[in-house]
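The sequence and structure are shown first.

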2 protein chains.
Amino acid sequence: MLDFISLTTRMKKESNITIHDIAKALSISGSTVSRALNDNSRISEKTKNAVRNMAKKLGYQPNALASNLRTNCTKTIGVIIPRISRYFFSSAITGIEELAREKGYSVIICQSNDLEEREADCVQTLFASRVDGVISSIALNTDNYDHYKTFTNRNIPLVFFDRVCDELETSKVVVDDFKGGFIAAEHLISKGCKRIAHISGPQHLNIYINRLQGYLKAMRKHNITIDKEHILESPLTREDGMACAKKLLESSNPPDAIFAANDTTALSIILYAKEKGIRIPEDLAIVGFSNEPFSEYLSPSLTTIEQSGFDVGVKATELLLDIINNKTGNTQETIVLPVNLIERESSNR
Amino acid sequence: MLDFISLTTRMKKESNITIHDIAKALSISGSTVSRALNDNSRISEKTKNAVRNMAKKLGYQPNALASNLRTNCTKTIGVIIPRISRYFFSSAITGIEELAREKGYSVIICQSNDLEEREADCVQTLFASRVDGVISSIALNTDNYDHYKTFTNRNIPLVFFDRVCDELETSKVVVDDFKGGFIAAEHLISKGCKRIAHISGPQHLNIYINRLQGYLKAMRKHNITIDKEHILESPLTREDGMACAKKLLESSNPPDAIFAANDTTALSIILYAKEKGIRIPEDLAIVGFSNEPFSEYLSPSLTTIEQSGFDVGVKATELLLDIINNKTGNTQETIVLPVNLIERESSNR
DNA sequence: TTGAATTGTGCAATCGATTGTCCAATTATT
DNA sequence: AATAATTGGACAATCGATTGCACAATTCAA
């Protein structure tokens, strides 16, 4: 009895209707229906209207699968990101989707969870779905980029953003990390800080190299000698941030300012300093990077470098669609978006 | 010249190879190749191995479009959410993807931006992609649910989470908003608060109704009379939170505690109170809802009700996959996940 | 040895939409 | 009026993988 109910209720109430159903209903051919729906000039207005009306009446919904198979074009772009729950990435996706939908594309999102293996899986999935192009930001632990050849070998347009890879010849969208590092350091210098430390990230990623280089440039420009012990490399997690803070602040030559390569690390430093009774910004000024949603609400609120994930997403999509539609030849553009300093309490002295 | 370069570089370096290429290379038929790749029992081990090797050698990648078209099953689930950049939703997606990928499904995500019209677009997109099932959380301003009939009429499994709709007969996954409201209010009562206000959300959404009802129940249980002016309905934005705070705190009978239906509103109240020199929690205790990433770092840190987006996502996916694979008949389950109180400074008196 | 069962493959149709080519009907040209 | 040009639409192949059915080859039973 239960089976009977479940069978009947699961029965299609409205079977999928195809262009052929419309054709039959109007006694015309399927090709005419197809052309009419695509507004082809070879079909008369009269026929087009008849087709459109019948399509509406029958509740016709095109089957993208069939169309995609035939045209070899899916009007879909794939996105590979480390993790969707990080604000920068989710806003990048919002930007990507915004422009994509406007241009009639849909978006498939895959998360690599910062794992190379997962990233390779994502590539397979997206390729199997025959996406028209791909936007990617590289996983933290990826150091072999072969899986991306699935796309490049077949000339499927590929654009990287934020975490880019020099090894692959593609277009890229990044923020001006170098400048970000520079203005962060110069800001601290302008506040009178003399011993400015920097906690950097994994050195195989451009973004962290560039932030570090920007910092170094500012220090050189202002003739500040750097204590080598004041530059740390860190995975930039909450935990490791604590460890770095401890290391720096308990050293024989503690810094009077720290520029952290991300806000999470800056947060750890604030927590650590509070715990130890170190006053911020009086004893220790802090600047982070990213302007995470929480940074504004920390106490003291965190001075940081703002980067717009949304803008990066939009730009990357713009670039990708240009390539897909062959507007740009095969140029490998690298677009650098601006960053800016947001001054808050953590450096206000 | 440029055109020439761009043409040659865009030429396929590795054309897409199909099962027929494998078949030709081995002088067998396409159907045998297909069966071999699908590990069909009717194909001998010897042939299977030959096919697999040749597939690898040629770099064969199945074309999901063709397969999907034929089998009428895409191994894809669609997700409709208001906005990806809200932490609760992005963690729900992480949960959805986690289980989905484990079971061999991929995920297409659409954002409604809390707009009914966009939500209807999402439905179209997902249907056109012929997803095997859909997980959705309703847009704030949706009050007509007809577009979902595209799925229900065709018996495409549909599961709602968090923002659910009673009008549609589907399975649902929610957190225990009623209990959340109850323990939030009871917590404030236990702290000795007497005049406890509540800022609720749009009353066509179950979650806000339930939080409100939970609050009312707690108040009744402890025989606390409620000033009608102490219950407000709000869109729960940052701006409106300010307005609500002002309204409540400048009234003739200001509350000594506020339970806000989300953390954003609680944040607004904290900011407003700080501005006006109202002490938290001494003069005013505050409890939020959701445990946003920032809530821990506010000062004072925010007492709130924790709900796991990840768990909700996993449960919804579990339910959906059960329906897709017809494990459950057509039962309309509603799963309620637990919430719990996180006590922090904003109510610690 | 003969018929039956089993095993391994191939043929051809199919999913739904698109599109090159062809043809009939209508309109324009001289 | 006769021919050319234009218009509107139909036919059938196609995209790549899957699958019901047919059938040859092999093995088994009696």
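## Domains of chain A

The domain assignment, which is automatic or taken from a database, divides chain A into domain 1 (2–62), domain 2 (74–174 + 309–334) and domain 3 (177–308 + 341–347). The model is a predicted one, in which local features require pLDDT of at least 70 and side-chain atom pairs count only at pLDDT 80 or more, while totals for chains, interfaces and linings use all residues. Residues are numbered from 1 along each chain as its sequence is written, and chains are lettered from A and ligands numbered from 1 in the order in which they are written.

Between domain 2 of chain A and domain 3 of chain A, the C-alpha centres are 30 Å apart. Their contact involves 12 residues from domain 2 of chain A and 11 residues from domain 3 of chain A, two residues being in contact if their C-beta atoms, placed from the backbone, lie within 7 Å. On the domain 2 side of this contact, the elements giving two or more residues are helix H6 (87–102) and helix H13 (309–324) of chain A. Helices here are DSSP runs of H or I with at least four residues, and strands are runs of E with at least two, numbered from the N terminus. H13(A) provides the largest share of that side, four residues. By class, the side of domain 2 of chain A that touches domain 3 of chain A has seven nonpolar, one polar and four charged residues. In this classification Ala, Val, Leu, Ile, Met, Phe, Trp, Tyr, Cys and Pro are nonpolar, Asp, Glu, Lys and Arg are charged, and the others, Gly among them, are polar.

A:Lys247 is located in helix H11 (residues 238–249) of chain A. It counts as partly exposed because it has 14 C-beta neighbours inside 10 Å. A residue is buried if 20 or more other C-beta atoms, placed from the backbone, lie within 10 Å of its own, exposed if 12 or fewer, and partly exposed in between. From C-alpha to C-alpha, A:Lys247 and A:Gly30 are 73 Å apart in space, and 217 residues separate them in sequence.

The buried residues of H3(A) include A:Thr32, A:Val33 and A:Ala36. They cover an arc of only 100° around the axis, which puts them on the same side of H3(A); the arc is that of the directions from the helix axis to the C-beta atoms. These buried residues pack against helix H2 (19–26) and helix H4 (45–58) of chain A. After H3(A) comes A:Asp39, with a positive phi near 60°.

Helix H4 (residues 45–58) of chain B has 14 residues and should span 20 Å at 1.5 Å a residue, which agrees with the 20 Å between its end C-alpha atoms. The expected span is 1.5 Å times one less than the number of residues. Within H4(B), B:Val51, B:Met54 and B:Ala55 are buried. Viewed down the axis of H4(B), the buried residues fall within an arc of 105°, so they line one face of the helix. Helix H2 (19–26) and helix H3 (30–37) of chain B are among what covers them. The face of H4(B) turned away from the buried side carries exposed residues, including B:Glu45, B:Lys46 and B:Asn49.

## Surfaces near the DNA strands

The surface near DNA strand C comprises eight nonpolar, 15 polar and four charged residues. For DNA strand D, the surface has eight nonpolar, 16 polar and four charged residues.

## Backbone geometry

Most residues other than glycine have a negative phi, and most peptide bonds are trans. The bond from A:Ile280 to A:Pro281 is cis, with omega near 5°, and A:Pro281 lies in the loop between helix H12 (263–276) and strand E9 (285–287) of chain A. B:Ser299 and B:Pro300 are likewise joined by a cis peptide bond, with omega about 0°.

B:Ser27, not a glycine, has a positive phi of about 55°. B:Ser27 counts as exposed because it has 6 C-beta neighbours inside 10 Å.
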